[in-house]
Amino acid sequence: MNSMENSTVDNLKFFIEAIVNPAVDKTIGGDSAVADLTAVEVLHWARLGVRIGYFNKKSIEPILSLNSILQSSRRCRKRVSADEPWLDIILPGQRGQAILNEKWFTVLDARQQEFIKPWKLELLQRTFQTLLLLTSENIIDDNSRYFLDSIGWTSKTEWEVRFSGTFRGMQGSVQQIGCGFANVLDYWEEVRSASISAGYETEIRSGGNVTSWNLDFEHIKGPINFPNYQSPAFVVTDFLKDVRAIVSRQFNLMDPNVIERYFVLAGQFINSQKEDTPEWRDARLRIFEDITELLEYFGADPLFRMQRAHFWNLFIGSIDLVDLINTKLGKAREEPKELPGEFPGGLPKR
Amino acid sequence: MTQKRTPQFIPGFGKSYALLSQGHGVNAAVIFVHGFGGKPTSTWRDFHNLGDEYSAEYTWWVTSDMFFYSYDSLHTPIRRNAELFGSFVDSVWHEKWREHSSRKYRDLILAGHSEGAVIIRRLILDRYDDLKAKTQTANPTAEAAALKTAVAEALASDFVLASYLRLFAPACRGTNFSSWVGFLTSLSHFVSAVTSTSRVRNELLPDSPVLASLKTGTEKAHAKFGDVRSLYTQPLFGDRDQIVISDSYDGERLLWDEGCDHFSVCKPSYSHKRPLEFVCK
């Protein structure tokens, strides 16, 4: 084997150990929306890796044709959308076995490779490797999964209970919400930063000016449109667009209720250590603007920015969520009732 | 095209991994240890590529394997973390994590940020104490001068004590938890800090017994055995650091990186190569 072939073998080994196996393990039980979405996301990472030559297509196909991922895909269709094309990457064969959808797993053709400079492809592979490492560290994690399930895929009542820690018997703890939140923020910040680095390097090497390159905030509409890498000049931009399309699904930021939850949660953390000095207030505003940008970059509809005042009020705590929860719980104690289907096994009995 | 470094998962040590050089004549292992609330890739990812990109300027990177240690910085006591880290270092140096050994390292560089630097220094002191105790036990009747010579020989032959410490903004003199503004450079740093246990935060306070005993022990050891490389270092601080106390142990000169805060001091870039230069033997 030559050194390039050795590299793709090593890359695949790492991908399986650090990402595929842990992600598939977490789908056992089938009760986590995020675990199922992450399992399908793994196939999209594989697809992108094949496209840019980080993985060898022949080696990866037999390893990823997993029935467990097909099951995840089926559960996602029930939870998310029956005709979500993102899920078409794995399909049932004639005998019901899992097969990867061939049309997704394409390599850059000869024409594209001829026009894409070697340094660009190397840049894409390096960036891709960084993204895999970040995904392994921050997203393939029990705390992150519990947090993303809670904030993105639960009802309003269930989210409030999980976030405020008012009942035992939930699948996780408030501490896990905090740790998972930190992981996801870290992931967003680092993916954004890695994307900016890739863009800047492209500009510098192309003889351009870094100030002329900007992050692409084009809205990731559903169904997700994947780039087709037709233009070598935009291969890096297409790659970054592809990355956003891959990762955004599990965050569910197209749901405006989820956006609200992020601002409330961020605000609760900030306000828990309120100092109220000018420096602190400046920092608080910077954090608000940063989280707004991150939410947009990872899938929120840009139109949400038009409600800045509303989200600012949520963030600084003008609407006191804790009081709201306590008022609702006070009424619930007067008239206890079972909430069908909202909590695993129903509310704990009192 | 050839990939310059391929990732290798290191089993048994959480999310730790290696980026092994594809170059010839690899003779150094660089182990990176993140800090409080940090993670291996988030803290050190800029080293992944820039080390190789600037290998013409900083030639040692081509012959260095990089290892990124992952540990629980928010909930596990420092002394326990130092023990666990010691196992990792041993595994790296002797290549126990691989099925087939293929390297023979000559040099070990331990690069730590913030709490990571404290863990590195604790490992060094533990190693020193352990070797000293074993030598004393093995020579129960030796006179003081002969015992000191025996101890010095034992220390000189230990690969961990012979390592080069490269510490970015070490938390060895304490962390400023009285104000949280310094953590607000990013929301992830802030949330990590708030969700940490009070036990770990207490261990990193300026008047903490954990830090005090580490300082006293290291200074005494260095006073007795000044030739042991890892008992002395010159840490690098950002002059805008609001998180840790910018100070070190007796006699250790501080190095400054202008314009850097606690988090940017360990991040190289095209316009900020100081961290790349700093991590070398």
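This report describes chain A and its interface with chain B in a predicted model.

Local features require pLDDT of at least 70 and side-chain atom pairs count only at pLDDT 80 or more, whereas totals for chains, interfaces and linings use all residues. Residues are numbered from 1 along each chain as its sequence is written, chains are lettered from A in the order in which they are written, and side-chain values use heavy atoms, with hydrogens and water left out.

Chain A contains 14 helices and 2 strands, taken as DSSP runs (H or I, at least four residues, for helices; E, at least two, for strands). Of its 350 residues, 51% are buried, that is, under 20% relative accessible area with a 1.4 Å probe.

The interface draws on 50 residues of chain A and 36 residues of chain B, contact being heavy atoms within 4.5 Å. The area values are as follows.

| Quantity | Area | Share on carbon and sulfur atoms |
|---|---|---|
| Accessible surface of chain A | about 15700 Å² | 52% |
| Buried between chain A and chain B | about 4000 Å² | 56% |

Buried area is the accessible area (1.4 Å probe) that two parts lose on being put together, summed over both.

Between the chains there are 2 salt bridges, defined by a side-chain nitrogen of Lys or Arg within 4 Å of a carboxyl oxygen of Asp or Glu. One of them joins B:Glu53 to A:Arg205, with the closest N and O atoms 4.0 Å apart. On the side of chain A that touches chain B, α1 (3-25), α6 (118-138), α9 (174-205), α11 (256-272) and α12 (278-297) each contribute at least two residues. The largest share, 16 residues, belongs to α9(A).

Definitions and conventions: Buried < 20%, exposed > 50% of the residue type's maximum accessible area, 1.4 Å probe, protein only. Areas by Shrake-Rupley, 256 points an atom, 1.4 Å probe, with all protein chains shown as cover.
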